[in-house]
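Here is a short tour of one model, taken a spot at a time. Keep the sequence and the 3D view open while you read.

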Amino acid sequence: MAIDSVPIIGGGVSKRELKIFWLIDVSGSMAIDGKMTAVNRAIKAVIPELQSSAEDFPDIQTYVQAMKFGNGAEWHNSSAEKIESYVWREIDAEQAVTDMGAAMQLLAHELTEEKLGKKAIPPVIILLSDGQPTDNYEGGLEELLKQRWSKKSIRVAIAIGKDADEEKLKMFCSNPVEIPPFVAGNETQLVKFIKWASVALSRTASTPAIDATGGVAAVPTPPPIKAEVKIGEASDDTDDDVW
Amino acid sequence: MSKLKEGELIKNGFALPAAGGMKCVIEEFIGGGGQGEVYRVKLGSETLALKWYFEDSQKSELKASLKNLINIGAPNDNFLWPKEVIEYEGKFGYVMGLRPAEYQKSQLLVNGKINLNFRTVAHACLQLADSFRLLHIPGLAYQDINWGNLFINPSTGDILICDNDNVTEHGKNVAGIAGTYGFMAPEVVMGGLPNAHTDMFSLAVLMFRMLFLDHPFDGKRWVDTACWDQAAQKKYYGQMPLFIYNPSDSSNNPVAGEQDNVILRWKMYPQYIRDCFTKVFTEGLTDPENGRLMEENWLDVFRRLQESIFPCPYCEVPIIYDVDKIKNEGKISCWNPKCQGYEQKLPTPPRLRIKIGKRERIVVLNVDTKLYHYQLVKSAPSLKEGGPVVAEMAQNPKDPEKWGLRNLSNNNWTFTTNSGDIKDVNPDKAMPLTKNIKEIDFKTSATAEIRI
Ligand SMILES: Nc1ncnc2c1ncn2[C@@H]1O[C@H](COP(=O)(O)OP(=O)(O)OP(=O)(O)O)[C@@H](O)[C@H]1O
Ligand SMILES: [Zn+2]
């Protein structure tokens, strides 16, 4: 009797949950210069990368959830969805202002122990905006940061174009010194930042890497904004125009 | 040569200068990592992989280290070792073998997407131990052994070890690498530098995860920790690690419903395997030099495991013949809850008891059992040297129900019957395996008895 064909039973281990949140500005100005198109393209492009990256962490289940904020804030996906089966529904810019404070408040409800469960790892939160907050941002942020889980979370911000309020976005960041808000001046950069923030930071949350300087490198180095000789993944558009 | 513009190298057909006037032609982008990007390339007629470093990693020490590794050469074929440094406009990368598609991420084992049976997993662990043994012999250290760098061919258990650019001389640390949480030795978690001793810890963690699927330190503490962040990992992997089966402290035992893989498998593997891991994960926590098993010890362990596997006569799941277990429990039984032989006494499989001087090894006889040279000689540490098949099972052409052992070696074996007759088994001939045989002499200083 040959036994090579018999697998041992089992497979599948108990998993921890990783949640990635995208908070997306849908104010009117996002309709201009193809910003919203770029956001949609970037998220669509990052999903397969996140799926393949998730395979490297068989003991972690990755979920994603997107939020829109403009006139108030609402979840684009009513609940966090598994990355394996996630399909991106495009978001449109609205005739709206930039209620970032409302976004902070809405997110605060998700960073509770009941919502994140008993087996979690630090959530990754990516804030995307092209403008000035129009409501009580500081108040909303305070409520967010009051949550015990906020302290554990990895929060980064991406400023889209020159009009974004970098100082305000900095207040949101969990590590504003080493990873201050990225300023995306064009679509290529925006796509790169969204990908990096989603993939590299979720990998860091999954298995923190440490360097040999004795210190703990809590986060990987952000991508260079302009490398003189950047030998990179082919981008199918060579359009480098500034918005 | 014209200046390289952003994204230019990626264009199919871009040619980088290589040694001896050759060209390294970019064919396709494969993927990006923390330190650089990897491309499929053609160098002469060979298809290879090129790793090109990001700006941050373009360091002269790394380049020198790569050249040193190339001079030393690959420990064995299981490593996708640097073959040549490629330089262009003050920047560099290196080429290595391209990983064939049948080699899959070892993590897929843990989420059940690929499966290894006892035999293939023993083969994979054996290869791992032997590969790192050969890497450590010339004084090198890998520094970041973790499952992300290991690829497995699930049908054979053959392995490939990637990311060899961080390999360094034991005690040096060129790339500034410390390792990966969950695999690092506790002293590295606490800020120490990786070296060959810390490799041996990480190797044990990796093999444990391949054999038991769960993590050696993730027991009750893991279940009780809501947020498994860096602080928690530093505490439980660095400051106060506690093996889930620490014999004198059960407070971190695996939890049913959460860590069922290890609960099941800890019972399935023999005591000698449990003992090895227990040693590394208790004594080895604080005694890097003597508390962590040498690769040679692991080789013995996995060879022994390979020799002792047989299929359940009812359901065919692989079962390990384990003398200690038989002594303790009075029987061998099937571990498959769905099998009619579950926890029942199974007939003991036929086996050879091979004696080499004072040493003894028990080889279970299945229809596809083969004997290798290393099993019949006093010491054969290296797999390559221990390689050739010297015997295989053979059916008697007159009665296929009757099994024998074919001599594939160059020696003329003999066997002695119970009545004292001595018979020859010349190369390519097969001898019967019956109760009537007292002893086989393989003419290698090894003799064997048949246990039926
Ligand atoms: N020799 C190779 N053949 C085929 N694919 C390879 C080879 N080496 C690397 N790759 C693939 O290329 C991609 C990038 O590899 P790289 O080693 O840079 O990534 P990584 O392991 O994530 O990086 P690092 O550990 O350096 O951060 C990965 O998808 C990897 O599987
Ligand atoms: Zn059975």
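Ser57(B) sits in the loop that links strand E4 (46-53) to helix H1 (60-72) of chain B; helices (H or I, at least four residues) and strands (E, at least two) are DSSP runs, numbered from the N terminus. This is a predicted model, where local features need pLDDT of at least 70, side-chain atom pairs count only at pLDDT 80 or more, and totals for chains, interfaces and linings use all residues. Residues are numbered from 1 along each chain as its sequence is written, chains are lettered from A and ligands numbered from 1 in the order in which they are written, and side-chain values use heavy atoms, with hydrogens and water left out.

Leaving aside residues up to four places away in sequence, Ser57(B) touches Gln35(B), Leu62(B) and Phe92(B), where contact means heavy atoms within 4.5 Å.

How do a few residues compare for burial? Buried means under 20% relative accessible area, exposed over 50%, and partly exposed in between (1.4 Å probe, protein chains only).

| Residue | Relative accessible area | Class |
|---|---|---|
| Ser57(B) | 13% | buried |
| Cys312(B) | 0% | buried |
| Cys315(B) | 25% | partly exposed |
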